[in-house]
Amino acid sequence: MAARVGLLSRLPLCTRRSQILRPIHRLLSCPGTAAADARRERQPSGSTETGSEERTPKKRFSEVQKERREQAQRTILILCPNKTSEKKFLKYLSQHGPINNHFFFESFGLYAVVEFCQKESVASLQNLTRTPSMGTEAAIPFRSRFFNLKLKNSSDQTSEQPYMPRCNQSPPSSKKLFELLCDAESIDDQLNTLLKEFQLTEENTKLRYLTCSLIEDIAAAYFPGCAVRPFGSSVNSFGKLGCDLDMFLALDEIGNFNAHKTSGNFLMEFQVKNVPSERIATQKILSVIGECLDNFGPGCVGVQKILNARCPLVRFSHQASGFQCDLTTNNRIALKSSELLYIYGTLDSRVRAMVFSIRCWARAHSLTSSIPGAWITNFSLTMMVIFFLQRRSPPILPTLDYLKTLADAEDKCIIEGHNCTFISDLNRIEPSKNTEPLELLLKEFFEFFGNFAFNKNSINIRQGREQNKPESSPLHIQNPFETSLNISKNVSQSQLQKFVDLARESAWILHQEEKDHPSPSSNQPWGLAALLLPSIAKSTSHGKKKRKKPASERIKNLLESIKSPENSTNTNGKRTVNTQA
Ligand code: GTP
Ligand code: MG
């Protein structure tokens, strides 16, 4: 570890335990609303809990979605002048009805998110809102829930409150993260700290649902009764501050009632246009929504219509929220995947701590990227962590097949011929008896995948055990619902090898630390912080200093030294580590 250079040497390590300034979240009381519930439910995610944690009732995914969606429909977004007086601002808006909750944030200007207690207040405000006159430019009148607040008399506002607390919407810088990690008390504490710093805040989650709701208003101009629903990491409990906002336009809810329930001899159907295929219908719908967002969507910029992709989408930036948005249509399987991940992420607090740390580790080593390519995705990494936790003894997570056996009639779900049935009530799933600490799990994760027979085995969370690979892709992770598909088909052999090398190196670092017991006051990054630094192999090969033993050799020695009886051995008694496809 002494060979570590670069970022590390620039950091003031082991600083005083830093005070994390929490954004002040002001709340005006409005009893019985979802916001009041959400406040009560906010979890102290920094605690080191294990599978035996106290069982508080947990909400179903569909309940959370419904509440958040309803909350978003009562919420507005306002661009405010910097000089706004919070008190006067709230008093002004309260004319339209009681406010349940509000917060401010900065993103190319000062924005306020205001949640009314009743939906009618939004309409009341809209009725008193004018379309701006633009001088030489022309404004396209659009009655949305995204407003500009103008001051009639600016001198009037300044005196009372020069600075309003803003909610932070970004993750900590690498420097800050290193300081926090080096300041932690244990590796378990480090993993929980990373989770706490990176997880989506209550405010950021609200902003995500609000953004979907604003896009829904635009889409509803074409498709009354449609819904725009978030999916992916914004809702599956693995979202990190700054992650993209995946959403889909749900049109299958329009006119989708049970025809048997209508009385009489007649049945009414809407007159519709037919097109040759589902894909063409999707492309046409997304094309028109893309145009609409581009031409009339307040705050929607950089709209790209990516209609020839395997899964056609419209990509755009929502300037005010700062979210990079991907809009698709009728993506019900992806929503089901999000629900499954939400269940796994909510069942045991170690799951999210592990997933966040592994994702962060992968990003630090450029194993993942925001650009599509031959690298592992965050979605695949999450599946790998879930699989690993299913393989512990006793298992920390149940298999998907087991979750299917617990399902009741109302959980039954078949989408496009794929059985997506599993239990939705988390409270009926027995907690794990496994109490292994995060430190052990992290080390074992790296050993597990540093030695996984990727050449012949597939990762399968449905059965919770390795399967023979049905095809020759270097990395095979079975899609849990469309079981003939591989979610990591894009990953190249060299990217997989890089993952394996880094996993082995990380296992080695943690093992060395266990032996050497570095003192937290030794000014060296340790534990998770050490794992996030550039690889030894990479830094020494570029450095001019005299080389120590090559990393690969040290790792090989380590792997041999920690081999256990159940590991496969070759005729020399050496462990075989096979990653060739
Ligand atoms: P972030 O990196 O934080 O955005 O994670 P994410 O889970 O949101 O991933 P991403 O934005 O790439 O994809 C959004 C969702 O689409 C995922 O959560 C999955 O539900 C689904 N998805 C992504 N990639 C695949 C894939 O290769 N196969 C399938 N079946 N679904 C995928
Ligand atoms: Mg995403």
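**Sheet and helices, talked through**

Colleague: What is the strand order in the open sheet of four strands?
Modeller: This is a predicted model, where local features need pLDDT of at least 70, side-chain atom pairs count only at pLDDT 80 or more, and totals for chains, interfaces and linings use all residues. Residues are numbered from 1 along each chain as its sequence is written. Strands here are DSSP E runs of at least two residues, helices H or I runs of at least four, numbered from the N terminus, and two strands pair if DSSP finds at least two bridges between them. The pairing is mixed, and the order reads β2-β3-β1-β4.

Colleague: Which strands stand at the edges of that sheet?
Modeller: Look for strands with a single partner, because one side of each is then left without a neighbour in the sheet. That picks out β2 (99–106) and β4 (146–148).

Colleague: In which sense do β1 and β3 pair?
Modeller: Strand β1 covers residues 75–80 and β3 residues 110–116, with six bridges between them. Cys80 stands opposite Leu110 in β3. The sense of the β1 and β3 pairing is antiparallel.

Colleague: How many residues of α8 are buried?
Modeller: Buried means under 20% relative accessible area, exposed over 50%, partly exposed in between (1.4 Å probe, protein chains only). Helix α8 has 21 residues and is largely enclosed by the rest of the structure, since its buried count is 17.

How values were computed:
Chains lettered and ligands numbered in written order. Heavy atoms only, no water.
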